[in-house]
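Subject: The structure I promised you

Hi,

Here is the structure I said I would pass on, with my notes below it. Have a look at the model first, then read on.

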Amino acid sequence: MPRKALLPALATLALSPVAAADSLDTVQVDGAGDEDRRAGEQAATIQQTEVITAERLRRKQAGTLADAVDDEPGVDVNNECSMCAIKRVMLNGLKGEHTTITVDGVPMHSVVSSYYGMDAVTAAGIERVEVARGAGASLIAPEAIGGTLNVVTRRAERDGVRVDLSGGEHGYRKSAIEGTAVADDGATRATIAGQFDQQDRFDADDNGVAENPARDTRSLTTHLSRDIGNDTVELRVAGFRSTTLGGPTGISEMSAMRTEADGSSDNSADYFAGGDVRREWTGQPWETLEAIDTERDEYTLRWDHDLNGSGRLIATASQVDHEQDSYYEGFDYANDDTTRFADLRWERALGLAHFVTVGLDHTREEMESESGFMERNGIEGDAFDHRDTGVYLQDIWTPTAELEVKLAARLDRIRTDWTEKTEQGDEIDTDLFAPRAHVRWRHSDHWTSRLSAGRGYRAPLTFYESEHGILDEGFDIAIDEVETSRSASYALSYRDERRAATLSLAHTEVEDLAYIQDPVGSGRPTLVNSDDTARVSTIDLAAGAQLGAGWRVDAGLARFAYGDDYKETFAVAPVEDRLRLEAAWEGGPWSFNSTVNAVGSRDLTDYGYGDRYNRWDDDDEDGEVDEGELRDPKETDAPAWYTIDLRLDHALDDTLSLYAGVNNLLDYTQAGDEETPLFYEGEAGSGEEAAFDVAHIYAPLRGRVFYAGLRAEF
C-alpha cells in the first residue's frame, strides 16, 4: 500500500473506539527493542529494571502478557485454578495483587481485571516489557508493593508491516499483524496491531475433566502521535476480547449449561466413578463447567508541552472499561469495572545536578456486579467505589558522574466504599505518606550497584482478589486498614562487551495483609486484615555470555523465602526455588534456541494442602458402609520438576522466515504424573460430606505442544 494511503487508514483506526503515551516513569533502554538482551543485563535506569524485548517475546512464542513475563528474573506466574487457569504475576515473592501493570507508564489494570487480564492482553504491538521490582518502582503506582510491569507499545519509526502466523497441537493457533506508518514530514506517526490466538482444553489423565481450559483471545491496538510545534499529542486505543472454557471435555459451553435442567448429583461422591477424582467424570457437565468471557477497552490521551527552557508540562488521562461475564459450576457472576486516571506533572532540570518532578494524580475505580444466584439466595454483592488522590515530589540528584540518587515521596488520600455491604459503609478513609529512595553507584566501567528502599501501600478492594468466583454461601468483607509495606533491595551488576550478570537481594514486610479467613464451623469466609506481618525475601542471580561461533548462554537461579505466616495465606503454593538455563545459536540464516526451566521440591502442607484426598465414597474396604469415607491422601511432598523448550528459525530472505518449535518437550504434567489437581477436602472419619475442589496445583497442567509458523516483514 502506498504511504499516502497507509497513513490515513491507520489514523482512522487509531481514532476508532475499539493505544500509548510515553512512559510517565521514563526508562532508557540500551539497544533496539527488537534485539535480545543477555540475562543479567539491566536497563540504564537508577532502579533495577530488567527488559524483555520483542525478540525475546518471539523466542518464547509468547502469545499473552502472562507468557511474556513467565520465568523471568524475580517473576513467578502462578496458575491458581485448573478450571479457568487464572494467572497471578508475582514479583519478588509478593502476591499477584501486589503487582501493578502499566501501559506506557499509565496504570491500566486493577485487581479485578488482572485476574483474567494477564491472558487477555496479547503480545502483538508490544515493543518491550520492563520489569521493575520493589515498592516505589513507579512514581504514580504506590500500590505496587511487589513491583511494576510496564508494557511499552511499539512506536512507528518507518512504514512497515509484520505478519506472524503459526499453528500446532491441541488446537493451538496464533495470527498477529503489526503495521506502522510515518508521514513524509515525520510529524505524524501511527501504529496498529492485531492478534488472534486459541488453544483447546487439555486433559492429561483422560478422566473427562480438563486440567487446563480452552481459550481464544482477540485484540486490536492502535497508537497515533502528532507533533504540533513544541507539543506532542498521543492517543492509544486498545480492545481485548477473551473467552475461557474449562471443566468437562467433549461438550460445548451451551450444551453443558443446558444439563443444569437435568438436576444435580446427590453428593460430590457421585462426580466420579467410585468417588475417585482419578477416574471418569460421572456427574452432570454443568457441575464442573467454568466459562469466562472478558471484554476490555483501554483509552489513553497524553499531551507533552515544552515550556521553552522552563521544563516540561505533561498531562495524561486514561479510562479502562473491563467487563466479565462468567459461569462457575452453576454460579453466574458478571461485573463491570471502570477505572479512570488523570495525571498532571511538571518536570525540569535545576542546574546540572538536579532534575525535579512535581505532580498530582487521581484514580477512581467503580465496580458493579450482578448474579442471579446471589440475588435468589440473598447474598450481598461485591461492588465498590475506590478513590485515590495523590501529590508527589521527586528529585534526581547527580552529585558526580558515578553517583545518582532519586528521592521521591507521595501523599495520598484513599477512600473505599463497599457499596453493597450496607452494614459497613465507608470502610477505608485515610491519608498515607510513602517515601522511597533509589541509588545507582557506578564503581567502574563494568560494576554497578543499585540500592532501593521505600514504603508502599494497597487498598484491598474485593473478595474477588483472593477467591475468584463468589462462593455459594456468600462472603463478608471486614477490611478496616490499608496494606502497608516496607521493602529494601540491593543489586550488583557486571557488564562488558560479551558478558553480563546481576545478583539481587530483596526483603519485603507487609502489615495488615488482606486474606480470606475460612470459617470455623458454621459461617461464611471473610476477607480480613492479618494481625501478623507477612515477610518474604528473594535472592536471584542472572548471567549471560556471548561465546564464539554464534553461541550465547544465559542462566538464572532464584530463591523465594516466604515467612510461615505468609505461606498460610496463599491459595496455591508458589515456586520457592527455580533454575533457568538457555542456549542460543545464530549462524547465517539459521538460529536455534533451547530453554530448560527447573523448579525445586516443596512441602505443600506449609501452604494448607493437608486434609485433601483422591477418594470419597460410602464403601469401606472391609465391605461395611461408612458414610463419607475419605481415602488416598493427596501428595503433599511436591517433587522437583523441569521442562524443555526448543525452537529453530530459518530466514528464507530478508522478508520471510520459517520456524518450528516445541514447548514442554518431555510432556511433563502434574496430572500425567498421576496427581490430578482435583480433590476432596475434609476430615477423614468425620462422617461429614467432603468438599470438592480443583486447585491442588504444584506443577505444569498443560503438556507438550509442537508448533510451526512463518513470519514476514515488509
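Let me start with a strand pair: β1 and strand β6 (residues 126-133) run antiparallel to each other and are joined over five bridges. Within that pair, Thr53 has Arg128 of β6 as its bridge partner. Strands here are DSSP runs of E with at least two residues, helices are runs of H or I with at least four, and both are numbered from the N terminus. Two strands pair if DSSP finds at least two bridges between them.

Before going further, some ground rules. This is a predicted model, where local features need pLDDT of at least 70 and side-chain atom pairs count only at pLDDT 80 or more, while totals for chains, interfaces and linings use all residues. Residues are numbered from 1 along each chain as its sequence is written, and side-chain values use heavy atoms, with hydrogens and water left out.

pLDDT is the predictor's confidence in each residue, from 0 to 100. The chain has a mean pLDDT of 87, and 89% of its residues reach 70 or more. Residues 1-33 stay under 50, and the model has 98 contacts for them beyond four places in sequence (a contact means heavy atoms within 4.5 Å). The pLDDT is also below 50 over residues 622-626, a stretch with seven contacts beyond near neighbours in sequence.

The sheet

Back to the strands. β1 and β6 belong to an open sheet of five strands with mixed pairing, in the order β1-β6-β7-β4-β5. The edges are β1 (49-53) and β5 (106-107); each has a single partner strand, so one side of each has no neighbour in the sheet.

β4 is joined to strand β7 (residues 147-153) by five bridges, and the two run parallel. With β5 it is antiparallel, with two bridges. Thr102 is a handy residue to look at: it stands opposite Asn150 in β7, and its bridge partner in β5 is Pro107. The hairpin of β4 and β5 has two residues between the strands, and Asp104 takes a positive phi near 55° there.

Which way do the residues of β4 point? Thr99, Ile101 and Val103 go one way and Thr100 and Thr102 the other, and all are buried. In a regular strand the side chains alternate between the two faces of the sheet. Buried means under 20% relative accessible area, with exposed being over 50% and partly exposed in between (1.4 Å probe, protein chains only). Helix α4 (residues 111-120) is mostly covered as well, with ten of its ten residues buried; among them are Tyr115, Tyr116 and Met118.

Lys95 is in the loop between β3 (87-91) and β4 (99-103). Is Lys95 buried or exposed? It counts as buried, at 8% relative accessibility. Leaving aside neighbours within four places in sequence, Lys95 is in contact with Val89, Met90, Tyr566, Thr569 and Phe570. A polar atom of its side chain lies 2.8 Å from the backbone oxygen of Thr569, and Lys95 also lies over the face of Phe570, at 5.2 Å from the ring centre. A charge sits over a ring if NZ of Lys or CZ of Arg is within 6 Å of the ring centre and within 35 degrees of the ring normal. Arg612 does this too, over the face of Tyr609, at 4.2 Å from the ring centre.

Glu483 lies in strand β22 (residues 483-495) and is buried, with a relative accessible area of 0%. Its side chain reaches the backbone nitrogen of Ala514 at 2.6 Å. Not counting residues up to four places away in sequence, Glu483 touches several others, including His98, Ile145, Tyr457 and Arg458.

Gly283 is in the loop between α5 (253-258) and β13 (290-306), and at 15% relative accessibility it counts as buried. Its C-alpha atom is separated by 4.1 Å from that of Tyr271, twelve residues apart along the chain. Beyond four places in sequence, Gly283 is in contact with Ser265, Asp270 and Tyr271.

Aromatic rings

Tyr271 turns up again here: ring pairs link Tyr271, Phe272, Trp281, Trp616, Tyr680 and Phe692 into a cluster. Rings of Phe, Tyr and Trp (its six-membered ring) pair if their centres lie within 6.5 Å; planes under 30 degrees apart count as stacked, over 60 as edge-to-face and the rest as tilted. The count by this rule comes to 18 aromatic pairs.

Cheers

Definitions and conventions:
Polar contact = N/O pair within 3.5 Å; in protein donor to acceptor, adjacent residues only side chain to side chain.
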